[in-house]
Amino acid sequence: MDWEKVILYGLIGLAVSLTMNYMNKGASQEIAKNMNGEIELRMNKLYQILGYVSICFASIFVITALYYQEKELYIIGVLMLFLFGGLGIPCLMYYQNHKLQFNDERIIVQNWRKKVEEITWGEINEIKFNPFSGYLKIRGLNKIITIHQHLVGLKEFTNKMEEKTNWKTSELKLPIN
């Protein structure tokens with residue numbers, strides 16, 4: 001048995017588990033209301049950190065390929081640019097753009113592409129949570145809004161959701177304490 005691989009995979013599993021636990025704890029935090037009585041939730045800071053680290057890795061591979069000017073390094077540089085850039089850019093876009101604002105009357109969601117959707121609590125027909133995508137989907141009259149599970153303070157939203165609708169956090173199986 002190759003113990004080095006077992007230890008490596010164990011460490012990777014531990015790192016992923018700790019990261020997910022950290023982000024889910026962020027979703028359980030309490031957020032203060034602003035002057036208008038609205039609460040605004042933003043993505044976890046870990047998305048920004050992961051985005052910048054990924055873009056730095058991609059840049060290092062590209063710069064190395066350009067410096068040494070070898071065919072194999074160009075191929076590796078392009079592949080790493082797609083791999084790490086493809087991870088880093090969406091992470092930064094989620095961190096910068098995705099937000100949720102809500103109060104007693106309405107919910108406003110801006111997705112990672114800055115598209116804004118608004119729905120009132122009374123328009124909601126269905127709420128579902130997909131654990132694989134991490135999205136809470138809210139369906140209303142001709143509208144579907146999606147909210148990511150890693151918004152810091154999501155528990156505040158779910159408390160308001162339970163107050164204003166018939167859906168319960170436990171029934172949706174959201175990973176919020």
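Predicted model: local features only at pLDDT ≥ 70, side-chain atom pairs only at ≥ 80, totals over all residues.

The overall layout comes next. The chain has five helices and seven strands, and from the N terminus on its elements run in the order α-β-α-α-β-β-β-β-β-β-α-α. The radius of gyration of the chain is 20 Å, well over the 16 Å that the globule rule gives for 177 residues, so the chain is more spread out than a compact globule. Along its principal axes, the C-alpha trace spans about 60 × 40 × 30 Å. Of the 177 residues, 36% count as buried, and among the contacts with a separation of 6 or more, 55% are accounted for by residues 24 or more positions apart.

We can now turn to the strands. In general, the strands of a sheet pair through backbone hydrogen bonds, either parallel or antiparallel. Here, an open sheet of three strands has the order β5-β6-β7, and its pairing is antiparallel. The edge strands are β5, covering residues 126-130, and β7, covering residues 143-148, each of which pairs on one side only. From one strand to the next, the twist averages 20°.

Strand β6, at residues 135-140, is joined to β5 by five bridges, and these two strands form a hairpin with four residues between them, where Gly134 in the turn has a positive phi of about 80°. Within this pairing, Asn130 has Tyr135 of β6 as its bridge partner, while Lys128 stands opposite Lys137, also in β6. Lys137 in turn stands opposite Thr146 in β7, a strand that is joined to β6 by six bridges and runs antiparallel to β6. The hairpin formed by β6 and β7 has two residues between the strands, and Asn142 in that turn has a positive phi of about 60°. Helix α4, residues 154-164, lies across β5, β6 and β7, and runs at about 140° to β7.

A further antiparallel pairing is found between β1 and β2, which four bridges join; in β2, Lys99 is the bridge partner of Arg42.

The interior is the last stop. In soluble globular proteins, nonpolar side chains tend to be buried together. The largest nonpolar core of this model has 28 residues, of which Leu100, Ile107, Ile138, Ile147 and Phe157 touch the most other members. At least two residues of this core are supplied by each of β1 (39-42), α3 (71-97), β2 (99-102), β3 (106-110), β5, β6, β7 and α4. Leu100 shows how such contacts reach across the chain: leaving aside residues up to four places away in sequence, Leu100 touches Ile39, Glu40 and Leu41, then Ile107, Ile108 and Val109, and also Ile147, Leu151, Leu154 and Phe157.

Methods
Residues numbered from 1 in each chain as written. Heavy atoms only, no water. Pairing = 2+ DSSP bridges. Axes fitted to C-alpha atoms, helices over the stretch in contact; angles between N-to-C directions. Contact = heavy atoms within 4.5 Å. Core = buried A, V, L, I, M, F, W, Y, C linked by side-chain atoms within 4.5 Å. Buried < 20%, exposed > 50% of the residue type's maximum accessible area, 1.4 Å probe, protein only. Rg over C-alpha atoms; globule rule 2.2 N^0.38 Å.
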